[in-house]
Amino acid sequence: MKFLKNNQALVALAAMYIIYVLIDVIFWKKGVATDPQNLRNILSQNSYTGIIAVGMTLVIIGGGIDLSVGSLMGLLGVLSILALNKPADDPAKTIAAIVVGIGAGALIGFANGVIITWGKIAPFVATLAGLVGFRSLALALTDARSLTASSKDLYPGLAQGGIPIPGAVDAAGRPLLAHWPIFIFLIIAAISSWILNRSVYGRRLIAVGANETAAIYSGIRSNQIKVVAYTILGICTGIAAVLQGSRLTGADPASLGQIVELDAIAAVVIGGTSLNGGKGQIWSTVIGVLILGLISNILVISSINPNWQGCVKGVIILLAVLIQRGQKSTS
């Protein structure tokens, strides 16, 4: 019972997958629930949101939240493609696209942290302004037109390349690749988990999120701790934007990153991280990302109208919050 109580997100993922297999066997009879290519696609397609969700976990544990990451992803994707399309050799312009996308993400994340801490503006209000402003800026920079990547080899390979999965082939009989974004997602999660659980910064971030006043009296510079968390989230958003631009070989300022903030926050909450701050785990967020990915896959294969996906995720967020509240009241 103690294992089940301490690993509720993992238990929920296992239960979700069992339900997925049963639905497939009883109703669909397609074999998609155990198809390696379908499972690889779930991992690959959700790794972009997962990278942002990892950074979002640190921000929420520190007592904040960021509603602007979806619009920021759209802006960073546009900036990255604009840098890529400057006349230069392919390796040079691919490096420029990576540096611009991630570097701008770090600067904007840092600015968000400064506005929220030293500017004393509530995270909800400050990042709500970013949600509106970043998307508008992306549309203005491109005159609301989609951008196409000029690189046809190196840049697309960032997301579309990978390592062959032993013994697995795709529908065309070619070796099935585990795409690079899956590994990048897991590496970022591992590094962030180490930061949160093993470093001095991680312990101070948890202390600030649990009780900021007590943390300040203990000598912790809470503003600096929060700014670093928002900067990490900006870097994660930049990495996700570059990889998504690589996968799509371009950027649409109107749709890139749309409602990613909802998916990232949902994954964090489903993983058990408290929206009140001071409590949470990175690997639980990874499981939350996988649960959302399975749900989306089930809805798509069931041919349910995609417009209903937002409703389903909204209900799941409410259930996760209610479960957290129930646990808090019984503890």
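This is a predicted model: local features need pLDDT of at least 70, side-chain atom pairs count only at pLDDT 80 or more; totals for chains, interfaces and linings use all residues.
How close do the axes of helix α5 and helix α11 come, and at what angle do they cross? I looked this up first. The axes of α5 (residues 90-117) and α11 (residues 222-248) come within 7 Å and cross at roughly 150°. That makes α5 roughly antiparallel to α11 (angles over 145 degrees count as that). Their contact has 12 nonpolar residues, 10 polar ones and one charged.

Residues are numbered from 1 along each chain as its sequence is written, and side-chain values use heavy atoms, with hydrogens and water left out.

Next I checked helix α3 (residues 36-61). I found a kink of about 45° in α3, centred on Ser 47. In α3, 20 of the 26 residues are buried (under 20% relative accessible area; exposed is over 50%, partly exposed in between, with a 1.4 Å probe and protein chains only). Just after α3, Gly 63 has a positive phi of about 90°.

Then I went for the rings. I got three aromatic pairs (ring centres within 6.5 Å; planes under 30 degrees apart are stacked, over 60 edge-to-face, the rest tilted). Tyr 20 and Trp 28 are edge-to-face, at 6.0 Å centre to centre with 75° between the planes. Tyr 20 is buried at 0% relative accessibility, and Trp 28 is buried at 15%. Ring pairs link Tyr 17, Tyr 20 and Trp 28 into a cluster.

Terms used
The bend at a residue is the angle between axes fitted to the seven residues ending there and the seven starting there. Helices (H or I, at least four residues) and strands (E, at least two) are DSSP runs, numbered from the N terminus. Axes are lines fitted to C-alpha atoms, for helices over the stretch in contact, and angles run from 0 to 180 degrees between N-to-C directions. Angles under 35 degrees count as roughly parallel, over 145 as roughly antiparallel, 65 to 115 as roughly perpendicular and the rest as oblique. Ala, Val, Leu, Ile, Met, Phe, Trp, Tyr, Cys and Pro count as nonpolar, Asp, Glu, Lys and Arg as charged, and the others, Gly among them, as polar.
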